[in-house]
Structure formats: C-alpha cells, structure tokens
Amino acid sequence: MKSQEYIKIEDRFGAHNYHPLDVVISKGKGVWVYDVEGKKYLDCLSAYSALNQGHVHPAILKAMVDQAKKVTLTSRAFRNDQLPLFYKELADMTGYEMSIPMNSGAEAVETALKLARKWGYAVKGIERYKAEIIVANGNFHGRTISIISFSSEQFYKNDFGPFTPGFVNVAYGDAAAIEKAITPNTAAVMLEPIQGEGGVLIPPAGYLKQVAEICKKNNVLLVADEIQTGLGRTGKLFACDHEGVRPDMVIIGKALSGGFLPISAVLADQPIMGLFQPGEHGSTFGGSALAAAVGRAALKVIRDEHLVENSAKMGDYFMSKLRGIQSPHIKEIRGKGLLIGVELKPEAGGARRFCEALMQKQILAKETHENVIRFAPPCIIDQKTIDWAMVRITEVLQMK
Ligand SMILES: *Cc1c(COP(=O)(O)O)cnc(C)c1O
C-alpha cells in the first residue's frame, strides 16, 4: 500500500486528535526512519524525546524479546525478578533512594501530584483537602483531566471541564512569583526545568536554584517534570543538574524505555516515597516484568554509550551550526544539549510550512506552538549526520 492509502484509512477510522506530517513510517534504525515508499528521513523529533537511544536499539530489542519469551506481566499482586533490579539500577543511576513505576508520563505526573498532596497532609500537616500545588504558565504535563485543569493553554481545556481544584498558576521563569504564591497550604511546586512543549523555553539562569531555595525555606516540595528533559536529552542526566538542583521528586518517562513501551516513574527518597501505603496507588501494567527488563536495558544504553556526554557535545555542535545560518526568518535559537528550538519571526508564516519543507528534504521535525521548530534528534547522533542535516536545514530556513 502507498502512503496516501494509509493516510486515507487513518483519517477515516482514527480520531483526529493530532495533526501529523504526512509521512507514513514503516521502519526505524538509529537516527533514521523509512517510509512505506522506502524514502529515508533523519528523525529530529525522537518521538518527543522518547527515542534518546535511537530507533529499535539492538540491546533494548534483545532485552525485550528475551523477556517476552519468559514472562511479561505478573501484576504487582505478585513479584517478579526484573522489577527489583530496575528499582536498584534506577537508584544507582539517579541517586534517588526509591521509585514508583507507571506507564505514560501523564500517569507519573498524577502519581507525583498524589504523593505531593499526601506529603502535604501527612508530613506538613495541611488541613485535609486544602493542599495547593503551584505550577507555571505555559506548562505541559500531559492530558488527563487533573493535568489540563492547570494548563494555561485554553485550547487544551475549552470543552473539557469541570476541572480539578488545588492548583495555582504563576509566570514561568519568575522565582519571586512562586514565593508570593506560597501559602501555609502549599504542598509543592511542580515545574519543567525547560518547557519543551511550551516552545523550548529556557528560564533565566539561576531560576531553578532560586526556586529550590524558596521551596526549602517554606517547607514546600519541589517536583521536576523531566519526562522530556531527563535521561540525557539536555546534556546532563537531568536538566536540573545544570543548576546543581536536586528536586524532592523527579518525574521521568519517554526515554525510560528507549521508545519500546510506555514506561514512566516518579523518583524520590524514602521519607517521601515511603508515604505510599499498600492499596493507595497502583497500575496493572506499571512495573511489569517486560517493562522493567526494557527499562533496565534502556538505562544501560544511556550509560554504556555515554549518551549524556554525546548529547552535550553534539548539542553544542548542532546549535553552533544553526547559529551560522543566515536566514531572514530566524528570531532566536535556544536550547540545551539536543533539545533545541528555532523560533521564527511572526511574519515567517508559521513553523508548520518549514517542517513540511524539511520533510521534503528528508528531515522530520515538528513545530511546537506556532513559530518554533524543535530539533531533538536521538542522542546517539554524530557530527557527520549533523553536517548532512545542516545543508538541508539551511536551504529550508533560507526559502522565501
Ligand atoms: C510528554 C510529556 C508528558 C506526558 O507524557 P505522556 O507519556 O504523553 O503522557 C508530561 N510532561 C512532559 C514535560 C512531557 O514532555
């Protein structure tokens, strides 16, 4: 079947909750994907950073197939021989004492919110059901009803209320605004260290550090959503590491499976994670033997292939090459590691047409918000491939 036929079927039978580029991918390998006509593309989105290890990484594939032949799901009603090792290796790598496995990122965010509220009641002594959680405008934490309740993007919420109370929005990048919003009922501040979906927005230097100090001073938890920024994407294991900040809770997902399965987790030390009692929270597939085996392999690739270091190095190279492009359309280039945003001027006609032109030239990137092209290739990318891409990116950014 041809691409156009697949697209027709998808549009006829599937919900139209995305606006994908019209490329029908049937194969992926490393940084490359291939469409059903056999045309090759460089993946510069990495499934929103779920593919830091690249497509179909052979070591993760092997772990997945081997485990699938043994046992996939025990449910947490019983134990299995993979989950303990996943916990242990996650702790060794991240420095957090404990974790709780979930599936999607949104689910891990919900889990962190529940845990933050519980901490607010059980430890801080907030009156029951009065806990507040401070979040930033421009946030993206997922699509559940509670999470969209505190989105500042009206389009995400228009037809989907009523909403979950207990959230307070403040401007992103403004630490003083957080301090002002804190009340005796504040349990936590939850932030993305870089707002990826918000347009690769990097807060002012020192922001995270200041927020961490404010949280500490006021007995408020700091929760970092590192689902997109974590596990090497920004050139550190976590984006918070750029400012030496260690949040009380870190939420991870996406690259935790290298793109094989939905695997997410919340990380925290024992005094916080230890608050969950049996039966208070759970997930049938969270922490399955298959997920744990895949997660272990995905972490091992990040470590063994030095993806954090490569992301820092190749990110610098990618960004320096982008900065060398003479284009009337570029307003700003910003990023950390391999999470890079090219913001176009409003009169450039929107990022979408540039992404479509890039696709014609075998580069897959996606607009985020109106005017930002996000470049986030797998963290395994090398200099030669970036050079290959840059010729094409230059041509597109210089088009009329
Ligand atoms: C992708 C993302 C989520 C949601 O993850 P899903 O797996 O799509 O539910 C939450 N937070 C951030 C920062 C993300 O990038």
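This is a predicted model: local features need pLDDT of at least 70, side-chain atom pairs count only at pLDDT 80 or more; totals for chains, interfaces and linings use all residues.
Colleague: How many helices and strands does the protein chain have?

Modeller: The protein chain has 14 helices and 15 strands.

Colleague: What radius of gyration does the protein chain have, and what would a compact globule have?

Modeller: The protein chain has 21 Å. For 400 residues, a compact globule would be near 21 Å, so the two agree. Along the principal axes, the C-alpha atoms fill a box of roughly 60 × 50 × 45 Å.

Colleague: And what share of the residues is buried?

Modeller: Buried residues account for 54% of the 400 in the protein chain. The accessible surface is about 18300 Å². Carbon and sulfur atoms contribute 54% of that surface.

Colleague: What about contacts between residues at least 6 apart in sequence: what share joins residues at least 24 apart?

Modeller: That share is 73% in the protein chain.

Colleague: Switching to the sheet with β1. What is the strand order?

Modeller: The order is β1-β2-β3-β13. It is an open sheet of four strands with mixed pairing.

Colleague: Which strands sit at the edges?

Modeller: β1 (25-29) and β13 (363-364) are the edge strands. Each of them pairs on one side only.

Colleague: Walk me through it. How do β1 and β2 run, parallel or antiparallel?

Modeller: They run antiparallel, joined by four bridges. Strand β2 covers residues 32-35. Lys29 stands opposite Trp32 of β2.

Colleague: What does the hairpin of β1 and β2 look like between the strands?

Modeller: Two residues lie between the strands. Gly30 takes a positive phi there, near 60°.

Colleague: Next pair, then. How many bridges join β2 to β3?

Modeller: Three, and these strands run antiparallel. Trp32 turns up again here: its bridge partner in β3 is Leu42. β2 and β3 also form a hairpin, with four residues between them. In that turn, Gly38 has a positive phi of about 90°.

Colleague: New topic: Ala297. Which helix is it in?

Modeller: Ala297 is in α11, which spans residues 289-304.

Colleague: Is Ala297 buried or exposed, and why?

Modeller: Ala297 is buried, because its relative accessible area is 11%, under the 20% cut-off.

Colleague: What does Ala297 touch, leaving out residues up to four places away in sequence?

Modeller: Ala297 touches Ala59, Ile60 and Ala63. Take Ile60: it is 237 residues from Ala297 in sequence. In space, their C-alpha atoms are 5.2 Å apart.

Colleague: Now the ligand. Which residues surround it?

Modeller: The ligand is surrounded by Ser104, Gly105, Ala106, Phe140, His141, Gly142, Glu192, Asp225, Ile227, Gln228 and Lys254.

Colleague: How far is the polar side-chain atom of Lys254 from an oxygen atom of the ligand?

Modeller: It lies at 2.6 Å.

Colleague: And what are the distances for the backbone of Gly105 and of Ala106?

Modeller: A polar backbone atom of Gly105 is 2.8 Å from a ligand oxygen atom. For Ala106, a backbone N or O atom is 2.8 Å from an oxygen atom of the ligand.

Colleague: How much of the ligand's accessible area does the protein cover?

Modeller: The protein covers 80% of it. On its own, the ligand has 380 Å² of accessible area.

Notes: Residues are numbered from 1 along each chain as its sequence is written. Side-chain values use heavy atoms; hydrogens and water are left out. Two strands pair if DSSP finds at least two bridges between them. Buried means under 20% relative accessible area, exposed over 50%, partly exposed in between (1.4 Å probe, protein chains only). Contact means heavy atoms within 4.5 Å. A residue is near a molecule or strand if one of its heavy atoms lies within 4 Å of it. A polar contact is a pair of N or O atoms within 3.5 Å; within protein, one must be able to donate a hydrogen and the other to accept it, and residues adjacent in sequence count only if both atoms are side-chain atoms. Accessible areas come from the Shrake-Rupley method with a 1.4 Å probe; for residues, only the protein chains shown count as cover. The radius of gyration is taken over C-alpha atoms; the globule rule is 2.2 Å times the number of residues to the power 0.38.
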